[in-house]
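Here is a friendly briefing to read with the model open beside you. Please have a look at the fold first, and then follow the topics below.

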Amino acid sequence: MIKFREMVPEDAAGVEAVEKASFAIPWSRQSFWEEAANERTCYLLALDETAIIGYAGVWILDDEAQITNVAIAPSYRGQGVGTKLMAEIMGAAKSRGAARMTLEVRPSNAAALALYAAFGFKSVGHRPHYYQDNGEDAVIMWNMKL
Ligand SMILES: CC(C)(COP(=O)(O)OP(=O)(O)OC[C@H]1O[C@@H](n2cnc3c(N)ncnc32)[C@H](O)[C@@H]1OP(=O)(O)O)[C@@H](O)C(=O)NCCC(=O)NCCS
């Protein structure tokens with residue numbers, strides 16, 4: 001049974017493990033500690049009985065929210081956890097006053113693009129050479145009505 005709850009600084013090591021398994025340029029444990037302590041952010045965890053299996057984060061500034069990262073541990077992907085986590089983080093951002101939400105995603109990331117499209121995000125443009133590891137552009141997506 002998967003549960004969801006807000007991240008606290010002490011969760012940083014568990015989140016870092018998911019992060020390292022998910023991204024070419026992972027954020028550090030220290031970054032997650034700081035993000036959890038920042039009152040302008042909201043990070044939610046997905047947990048099974050024993051461990052953190054995913055997380056999603058947003059920065060919230062007035063009525064705008066920006067997704068920082070969404071990741072599910074590799075062995076839990078493709079089972080609907082990411083979908084549930086997106087619903088949770090969008091609901092959490094809305095309840096903190098966000099009216100719209102943006103994010104950046106690699107054009108090569110078919111799973112993430114499909115996930116975001118299913119939640120009403122639309123591509124509005126590109127940031128050229130945004131990703132440092134391979135120079136890939138970023139697709140900028142917005143959901144204008146949470
Ligand atoms: C993107 C990610 C968070 C999706 O999480 P997930 O738990 O696997 O997603 P779900 O099982 O809820 O699937 C959601 C949708 O994504 C799409 N999807 C999932 N896996 C896919 C794949 N391998 N290829 C193409 N589309 C895929 C499907 O449209 C799916 O909806 P459907 O099951 O109704 O068809 C996960 O793949 C992940 O952590 N990837 C690595 C980190 C990452 O890229 N994060 C996003 C950064 S912008």
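In this briefing, a residue is near a molecule or strand if its C-beta atom, placed from the backbone, lies within 6 Å of it. With that cut-off, 18 residues surround the ligand, and the closest are Arg77, Gly82, Thr83, Ala111 and Ala114. This is a predicted model, in which local features need pLDDT of at least 70, side-chain atom pairs count only at pLDDT 80 or more, and totals for chains, interfaces and linings use all residues. Residues are numbered from 1 along each chain as its sequence is written.

**Around the ligand**

- Strand 4 (64-72), helix 3 (81-95) and helix 4 (110-118) are the elements that give two or more residues to the shell around the ligand.
- Helix 4 provides the largest share of that shell, with 5 residues.
- Sorted by class, the shell holds 10 nonpolar, 7 polar and 1 charged residues.
- In this sorting, Ala, Val, Leu, Ile, Met, Phe, Trp, Tyr, Cys and Pro count as nonpolar, Asp, Glu, Lys and Arg as charged, and the others, Gly among them, as polar.

**Overall fold**

- The protein has 4 helices and 7 strands, where helices (H or I, at least four residues) and strands (E, at least two) are DSSP runs numbered from the N terminus.
- Following the sequence, the order of elements is β-α-α-β-β-β-α-β-α-β-β.
- The radius of gyration is 14 Å, close to the 15 Å that the globule rule gives for 146 residues, so the protein is as compact as a globular protein of that length.
- That radius is taken over C-alpha atoms, and the globule rule is 2.2 Å times the number of residues to the power 0.38.
- Along the principal axes, the C-alpha atoms fill a box of roughly 40 × 35 × 30 Å.
- Of the 146 residues, 27% are buried; a residue is buried if 20 or more other C-beta atoms lie within 10 Å of its own, exposed if 12 or fewer, and partly exposed in between, with C-beta atoms placed from the backbone.
- Among contacts with a separation of 6 or more, 56% are between residues 24 or more positions apart; a contact means that two C-beta atoms, placed from the backbone, lie within 7 Å.

- Strands count as paired if DSSP finds at least two bridges between them.
- Strand 1 (residues 3-6) and strand 2 run antiparallel and are joined by 4 bridges, with Glu6 partnered by Leu44 of strand 2.
- Strand 2 also pairs with strand 3 (residues 52-61), in the antiparallel sense and over 7 bridges.
- On that side, Leu44 stands opposite Ala56 in strand 3.
- A hairpin of 4 residues connects strand 2 to strand 3.
- Strand 2 (residues 41-47) is mostly covered, as 5 of its 7 residues are buried.

- Together, strand 4, helix 3 and strand 5 form a right-handed β-α-β unit.
- Right-handed here means that, with the strands pointing away from the viewer, the path from the first strand over the helix to the second runs clockwise.
- In a regular strand, side chains alternate between the two faces of the sheet.
- Strand 5 (residues 100-105) has Met101, Leu103 and Val105 on a covered face and Arg100, Thr102 and Glu104 on an uncovered one.
- Strand 5 is also joined to strand 7 (residues 138-143), antiparallel and by 5 bridges, and Val105 has Val139 in strand 7 as its partner.

**Residues to look up**

- Leu61 belongs to strand 3 and counts as exposed because it has 10 C-beta neighbours inside 10 Å.
- Asp62 sits in the loop between strand 3 and strand 4, and its phi is near 55°, a positive value in a residue other than glycine.
- Asp62 is exposed because it has 8 C-beta neighbours inside 10 Å.
- His129, in the loop between strand 6 (122-127) and strand 7, likewise has a positive phi, near 50°.
- Around His129 there are 11 other C-beta atoms within 10 Å, so it is exposed.
- Met144 lies in the segment after strand 7, and its C-alpha atom is 31 Å from that of Ala12, 132 residues away along the chain.
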